[in-house]
Amino acid sequence: MLTRMLKLRLLNAVAPTYFFTATGVTFLLHFFMFIPTIFPHPGASLTGSILHTVVFLFLMLNALGNYVMTIKYPSESANETVIPVCSPDCPDRVDAHYLLNGRHFCKLCKKVILKRDHHCFFTGNCIGNRNMRYFIMFCIYTSCTCLYSLVLGVAYLTVEYSISFENPLTFLSLLPLSTGYFFMGVVSGMQLFLVLMLYVWLGIGLVCAGFCCQQMLLVARGQTWCQLQRGQLVESRSPWRANLKDVFGNRWILGLIFPVQTVEACPKDTTAHKLD
């Protein structure tokens, strides 16, 4: 049990570092390699380069903004500061001790979480009703940023290294072939790194898109991942519109465009203590 908790705490520190590193590398590749190479003539392609720059900055700033909001507005209970005692052989599979009335004690956060959904290692805190909206938007914009970077990365490899992607199998064989050519001295280290980044963007984009679809379905049903893990598949007491409004707030349209607060940041714990 102790070894497992140490591994989880290490992941809790490594995951945000990985996220910021990938974000910084993506930013540098876009502005120092992709844009100057794809649009080499500023006079002829000024509109195109500006458009791609605006789209990329919009996606990335929203991803980072919602990431910060997810951390800034945690779902911890302000009225419960006493850490409950959880037995060492607790059978809970989600590393959280189940309490009552939609509350969980997270063993990693050392806090009681209201309407806990899961612990996100990339943000280093738990996702609940208060920051679920920001987490979903973070997943959406991170997925869009990665997939957009994937498209520009493919365009860069086509222009710079004359790699044709007309055959769908080209992308599947790109990594193993590039790795083999690298050790043979045919492919440079930068080209291999760019190929690796293509797969990183694809992986992160698909994972975030999957998380987003899963969370939207759970939110519409008025349920959490913890409830799903415990086998509580009861029907929601509220209509799906009310459930979405409870998470996304009244200004949900504004929240789709800007990473701003659209839900109550600090509601009373009594209003959040709803029965599962």
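**Figure 1. Trp 252 is partly exposed, at 45% relative accessibility.** The cut-offs here are under 20% relative accessible area for buried, over 50% for exposed and in between for partly exposed (1.4 Å probe, protein chains only). This is a predicted model, in which local features need pLDDT of at least 70 and side-chain atom pairs count only at pLDDT 80 or more, while totals for chains, interfaces and linings use all residues. Residues are numbered from 1 along each chain as its sequence is written, and side-chain values use heavy atoms, with hydrogens and water left out. Look for Trp 252 in helix α8. Thr 262 sits ten residues away from Trp 252 along the chain, and their C-alpha atoms are 6.3 Å apart.

Figure 2. Which helix gives the most to the nonpolar patch? That's α8 (residues 252-257), with five residues.

**Figure 3. The chain holds nine helices and five strands.** Going from the N terminus, the elements run α-α-β-β-β-β-β-α-α-α-α-α-α-α. Helices (H or I, at least four residues) and strands (E, at least two) are DSSP runs, numbered from the N terminus. Of the 276 residues in the chain, 42% are buried.

**Figure 4. Helix α1 has a bend at His 30.** The angle there is about 40°, taken between axes fitted to the seven residues ending at a given residue and the seven starting there. How far apart are the end C-alpha atoms of α1? They are 51 Å apart, which agrees with the 54 Å that its 37 residues should span at 1.5 Å a residue. That expected span is 1.5 Å times one less than the number of residues in the helix.

**Figure 5. Phe 19 and Phe 138 are both buried.** Rings of Phe, Tyr and Trp (its six-membered ring) pair if their centres lie within 6.5 Å; planes under 30 degrees apart are stacked, over 60 edge-to-face, and the rest tilted. This rule gives 16 aromatic pairs. In one of them, the ring centres of Phe 19 and Phe 138 are 5.4 Å apart and the planes are at 70°, so the pair is edge-to-face. Phe 19 belongs to helix α1 (residues 2-38) and Phe 138 to helix α3 (residues 132-161), so this pair ties together parts that are 119 residues apart in sequence. Ring pairs also link Phe 19, Phe 20, Tyr 67 and Phe 138 into a cluster.

**Figure 6. Phe 34 and Trp 201 make an edge-to-face aromatic pair.** Their rings are 6.0 Å apart centre to centre, with 75° between the planes. Since Phe 34 is in helix α1 and Trp 201 is in helix α5 (residues 189-221), the pair ties together parts that are 167 residues apart in sequence. Buried or exposed: what about Phe 34? Phe 34 is buried, with a relative accessible area of 1%, and Trp 201 is buried too, at 2%.

**Figure 7. Two salt bridges are found in the structure.** The rule asks for a side-chain nitrogen of Lys or Arg within 4 Å of a carboxyl oxygen of Asp or Glu. Glu 76 meets Lys 111 at 2.9 Å, N to O. Glu 76 is in the loop between α2 (42-72) and β1 (96-98), and Lys 111 is in strand β3 (residues 111-114), so the pair ties together parts that are 35 residues apart in sequence. Glu 76 is partly exposed, at 26%, and so is Lys 111, at 36%. Asp 246 meets Lys 115 at 3.7 Å, N to O. This pair links Asp 246 in helix α7 (residues 240-248) with Lys 115 in the loop between β3 and β4 (118-120), 131 residues apart.

**Figure 8. Lys 110 shows a positive phi of about 60°.** Most residues other than glycine have a negative phi. Lys 110 isn't a glycine, and its place is the loop between β2 (103-106) and β3. Ser 162, in the loop between α3 and α4 (169-183), also has a positive phi, near 55°. Lys 110 is partly exposed, at 45%, whereas Ser 162 is exposed, at 63%.
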